[in-house]
Amino acid sequence: RRPRGTERPLQSIEMPKTREKKSSAAPEGPRSSAKATAQRLFHSSLIRNKIHRRLAYQQEKQQRLREKRARREQRRREREKLGDEAPPKQVPRTLENTRLPDETVVLPDDEEVLQDEKTDELADYFDRKTTPKVLIISITKPSGRTHLLMRELNNCIPNSEMRQRKAVDLKKLIPEAAKREFTDILAVNEDRKVPNGLLLIHLPDGPTAHFKLTSFQRGYDIKGHGKVTSHKPEVILNNFTTRLGHSVGRMFAALFPHDPEFKGRRVVTFHNQRDYVFLRHHRYIFRNAQRVGIQELGPRLTLKLRSLQKGTFDSKYGEYIWMHKRRQMDTSRRKFHL
């Protein structure tokens, strides 16, 4: 310990040495520029000030976009220069084109599937022996949002009726609807005054499908929406490739009449993407001989299958054909069931 009154000479104090960052010129080429951008991104993540860090990240993001456009333009010029000898275009990796192989995928000429479809519960509709008649119901006291959804479905599906369920049990309602020649029942469920489920029951022998319902948007809230007419719409079922997907797609098709009225130019689309079914309702408009425009009529829905039950609705003793079990089935993002 140094005695009091004595001080260390000022010349002997050494300041800590700081490392000087070596400034290296940015290498040339797209890979080197991407590497330099990644280095800048790493340094911007070390900025402690939130505002400065966000501004630095935005600049780096714009720089990456400019470099990406430059690489794309360079590849385009090379393809134009090489002509037929140009390398093929790069295909981006998506969850759809990297899907895990599935044994239940149906081929268009699968004789086994065609024979099963001739004898299933929906065969009478596809043989034109029945005319679709849909009953739309909800819980006992539906909220305003659920009532709007029922009205939108009533406008979208021809030959459908919207009724109040009151206090009648669903099991007792099914035989009464079958006596009145209804072919399908659409039951809308809600939670905290928000519609969150849809039950599709095909009469008189089933099957019954339960869907989780999200992202409902009525036609009035869609920008540039049109007015629904009384013409029978065309139905498009897209990307239902497995045996389960075929069954669900046939249930959607059985809601609509057989012969569409092309004069009305209405189209109802059920598009399956990653096991989410998107419902859209459009009217196509011919701009001229080459161009066609689309006007959305509404509603917009997103459905996800939860279960498929054999026969009509019976939650206690019903036999389930398929049930979604998240912990067992959702083990990979590249595995789909529809």
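Me: Which strands do the buried residues of α6 pack against?
Reply: They pack against β1 (134–137), β3 (184–191) and β4 (194–202). Keep in mind that this is a predicted model.

Me: And which residues of α6 are the buried ones?
Reply: In α6, residues 170–179, they're Leu170, Leu173, Ile174 and Ala177. Those residues cover an arc of only 110 degrees around the axis, so they sit on the same side of α6.

Me: What's exposed on the other side of α6?
Reply: Lys172 and Lys179 are exposed there.

Me: What follows α6?
Reply: Glutamate 181, and its phi is positive, near 65 degrees.

Me: Which other residues have a positive phi without being glycine?
Reply: Arginine 128 is one of them, with phi near 60 degrees. Arginine 128 is in the loop between α4 (123–126) and β1, and at 52% relative accessibility it counts as exposed. Serine 215 is another, with a positive phi of about 55 degrees. That serine 215 is in strand β5, and it counts as exposed at 54%.

Me: OK, peptide bonds then. Where are the cis ones?
Reply: One runs from glycine 206 to proline 207, with omega near 5 degrees. Proline 207 is in the loop between β4 and β5 (208–217). Another joins glycine 298 and proline 299, where omega is about 10 degrees. Proline 299 is in the loop between β9 (292–296) and β10.

Me: What does leucine 198 touch?
Reply: Leaving out residues up to four places away in sequence, the contacts are Leu186, Ala187, Val188, Ala209, His210, Phe211, Leu213 and Leu303.

Me: Switching topic: what volume does the largest pocket have?
Reply: About 590 Å³. The largest pocket is lined by 23 residues, and Arg243, Leu244, Ser247, Leu308 and Ile321 are the ones nearest its centre.

Me: Which element gives the most to that lining?
Reply: α7, with six residues. At least two residues each come from α3 (111–118), α7 (243–253), β10 (300–310) and β11 (319–323).

Me: How many residues of α7 are buried?
Reply: Eight of the 11, so α7 is largely enclosed by the rest of the structure. Leu244 is among the buried ones, and Leu244 is also one of the residues nearest the centre of the largest pocket.

Me: And how many cavities are there of 30 Å³ or more?
Reply: Two. The largest cavity has a volume of about 90 Å³. It has 13 lining residues, with Leu153, Ile157, Leu255, Phe270 and Leu279 closest to its centre. α5 (144–156), β4 and β10 each supply at least two residues of that lining.

Me: Phe270 makes me think of aromatics. Which residues form a cluster with Phe270?
Reply: Phe211, Phe240, Phe252 and Phe256 are in one aromatic cluster with Phe270.

Me: How many aromatic pairs does the whole structure have?
Reply: Six. One of them is tyrosine 125 with phenylalanine 126: the centres are 5.0 Å apart and the planes are at 85 degrees, so that pair is edge-to-face. Tyrosine 125 is buried at 8% relative accessible area, whereas phenylalanine 126 is partly exposed at 36%.

Me: What about tyrosine 284 and phenylalanine 286?
Reply: Their ring centres are 5.7 Å apart with the planes at 85 degrees, so that pair is edge-to-face. Phenylalanine 286 counts as exposed, at 55% relative accessibility.

Me: Which lysines sit over rings?
Reply: Lysine 133 lies over the face of phenylalanine 182, 4.6 Å from the ring centre. Lysine 304 has its charged end over the ring of tyrosine 276, at 4.5 Å from the centre.

Me: Last one, the overall picture: how many helices and strands?
Reply: Eight helices and 11 strands. Of the 338 residues in the chain, 33% are buried.

Terms used: Residues are numbered from 1 along each chain as its sequence is written. This is a predicted model: local features need pLDDT of at least 70, side-chain atom pairs count only at pLDDT 80 or more; totals for chains, interfaces and linings use all residues. Side-chain values use heavy atoms; hydrogens and water are left out. Rings of Phe, Tyr and Trp (its six-membered ring) pair if their centres lie within 6.5 Å; planes under 30 degrees apart count as stacked, over 60 as edge-to-face and the rest as tilted. Buried means under 20% relative accessible area, exposed over 50%, partly exposed in between (1.4 Å probe, protein chains only). A charge sits over a ring if NZ of Lys or CZ of Arg is within 6 Å of the ring centre and within 35 degrees of the ring normal. Helices (H or I, at least four residues) and strands (E, at least two) are DSSP runs, numbered from the N terminus. The arc is that of the directions from the helix axis to the C-beta atoms. Contact means heavy atoms within 4.5 Å. On a 1 Å grid over the protein atoms alone, a cavity is a set of points where a 1.4 Å probe fits but cannot get out, and a pocket is an open set with protein on both sides within 12 Å along at least five of seven lines; lining residues have an atom within 4 Å of a point. Grid points are joined across faces, edges and corners, and a volume is the space filled by probe spheres set on the points.
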